[in-house]
Amino acid sequence: MSVEPIDTSATAATPSLSDFIRSIVAHDVAEKRYAKIVTRFPPEPNGYLHIGHAKSICLNFGIARENDGRCNLRFDDTNPAKEDLEYVDAITTDVNWLIAGWADQCLGLKAPGSTPAALTTNGKTDFHLDAVQPAAGNVLLSTESARRAEPFSASSYFDQLYLYAVELIKRGKAFVCDLSPADTEAYRGAPDRPGKDSPFRERSIAENLDLFERMKGREFPDGARSLRAKIDNTSSNMWLRDPLLYRIRHTAHHHTGDTWCIYPLYDFAHCLSDYLEGITHSICTLEFDAHRALYDWTLASLDLPRAVPHQYEFAKLNLGYTIVSKRKLLQLVQDKFVTGWDDPRMPTISGLRRRGIPASALRRFVIGVGVTKFDSVTDVAVFDHAVREELNPTALRRLAVLKPIKLTLTNIAPGEVLECDATNNPQDEAPTTRKVALTREVYIDHDDFAEVPPPKYFRLKPGGEVRLKYACIITCDEVVKDAAGLISELRCTADLTTRSGGPNVDRKVKGTVHWVSASHCIEAEVRLYDRLFTIPEPDADGEFKKHVNPHSLEVVTAKLEASLAGATADQRYQFERLGYFALDSKDSAAGRLIFNRTITLKDAWVPKK
RNA sequence: UGCCUGAUGGUGUAAUGGUAGCACAGGUGACUUUGACUCACCCAGUCAUGGUUCGAAUCCAUGUCGGGCAGCCA
């Protein structure tokens, strides 16, 4: 990794990223092996995208943008039983959001409704589907653009895939098998024990052709027959033991409807989809390593006329205190541990977005962890750091009190309003300010007062002094309690000579606290999120549900400075001394504001309890 | 007990036979009208054992430990 900051913008110079896959690509570029580098991001629409997919997206789109290439968005939709249009839409939105302003110029889409065109290449019949050059900007989201381009999908290759299967049969490399699923499994053997050939393996080509056509013709029920590759049942690689190519599923597909009752399996569909699109580098995660031999076998067996794609594998992302598995995230949704896929506690792209994480922060993080074949667990602190790095320079500073204690400044008259200048962002080169009202009654945060302070406590205590940020230094004269013994009010004196412009403005006190005027504030719901799991590796024992943090969400009614009434969803705020906050894109409404805490500020002070 | 794959500070990574570097975390201090930010300093590593070589994190051998592979999922 280079020492320069990671490039997360569209216009900045290409970052000097280096990893084993980029080295391979660089080598291929140097050798001029391809006219253009083409990668793809191929999610199955059976769930929402998560932070692990973000790594894959940034790898594939990153390689494309660094090499003036293209990255196709393709739905790997070959299993209608698990897939749904809801997921197609959600994934499309997520990908668009993550790459917007960074790599959308490399996004490969196809013409709406298009399928691979038949052509003759090097004297052979060939199929190819090229990408269209879409309009710039929110390509995937506007209906105008959708008329001109749409994501690729394996299901739009079903005709060609069927033809390739027939070709494999004709070449004696595939056969129709009548073994039941259970028998197929039994015949396959085990990793340390060879499998044995199916009794149907030596059927004639003519019979295979006839049976396969009848499979397609809805003649047989689910599971009755399958199309299998004829490879080697004694191979030490299980995926070479006559793997299935097609199975019968009388299930409607979200895209092709009832047109098909046979569907290709991943290993057959994926390599050929890559080929049809002219993919040069097919990048996937480590668990597909064993499949690479089958990927190569399938393409080689068809004797295709164009250059074939190659598969490379990298280690998927693991993050501390987080689950990164679509299947398990689905369980969290179904079992109501969270409110949905886009719950701000979820590591889904939609959840992170809703929590207020900028796309640039997500990119910064996943690019920063690097690409290797080492199965690692990244510390969440690295993610937190990336988020703060993006938010600190851009977030507007605002005053907000999460858990209010009323404080009366006894030397300020009721109704009197003292205007204070508050800085909008001290990180700006020329910071601007706004006015906040200081009045007789204000709120400070519960955590900023201690009747019995721990050692080294800089905040307010009986008889102690503290600065109200942007206002003045105050002294706590009296702690007023209600009948139950709970603190109901703090009576303090304001030293107005310490205000900005006052003679004693430079007087130093150890602590500075945030505050809001009781009469010039608004109320809002604020959702305080904590990590979803209580241990660093929630699924280490396979029981991640037992480690869900029961305190992952705390909802408070906060007091906010009045200017926040005009808060907008795309603006990020730093509530001073508390953290970064964003309006909830789903539940917040004008007049009923709801903020999500994106992340707390780093807090080096740890009181001893 | 088969095959594939991997191992660099606490964590994530860089170094492609030639000075083991960066980031995060942690620690100490400076600064501070955010206990934030920023700055300075500190901390701490090549899985083991052999071999090749003038020289090994890198190449070879053996071992150890980790991950993956037996869906008609992807």
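**View 1. Packing of helices α2 and α3.** The crossing of α2 and α3 is right-handed (a crossing is right-handed if the near helix is turned clockwise from the far one by less than a right angle, and left-handed if anticlockwise). This is a predicted model, in which local features need pLDDT of at least 70 and side-chain atom pairs count only at pLDDT 80 or more, while totals for chains, interfaces and linings use all residues. Residues are numbered from 1 along each chain as its sequence is written, and chains are lettered from A and ligands numbered from 1 in the order in which they are written. Helices (H or I, at least four residues) and strands (E, at least two) are DSSP runs numbered from the N terminus. Ala54, Ile57 and Phe61 of α2 meet Val95, Leu98 and Ile99 of α3 (contact: C-beta atoms, placed from the backbone, within 7 Å). By class, this contact has six nonpolar, no polar and no charged residues (nonpolar: Ala, Val, Leu, Ile, Met, Phe, Trp, Tyr, Cys and Pro; charged: Asp, Glu, Lys and Arg; polar: the others, Gly among them).

**View 2. The surface near RNA strand B.** Of the 71 residues around RNA strand B, Asp76, Pro191, Ser236, Ser376 and Phe458 come nearest (near: C-beta atom, placed from the backbone, within 6 Å of the strand). At least two residues of this surface come from each of α6 (181-188), β9 (244-248) and α13 (380-394). The surface divides into 27 nonpolar, 20 polar and 24 charged residues.

**View 3. Domains of chain A.** Chain A is divided into domain 1 (20-150 + 270-383), domain 2 (161-267), domain 3 (398-519) and domain 4 (523-600), with bounds from an automatic or database domain assignment. The centres of domain 1 and domain 3, taken over C-alpha atoms, are separated by 51 Å.

Conventions
Contact = placed C-beta atoms within 7 Å.
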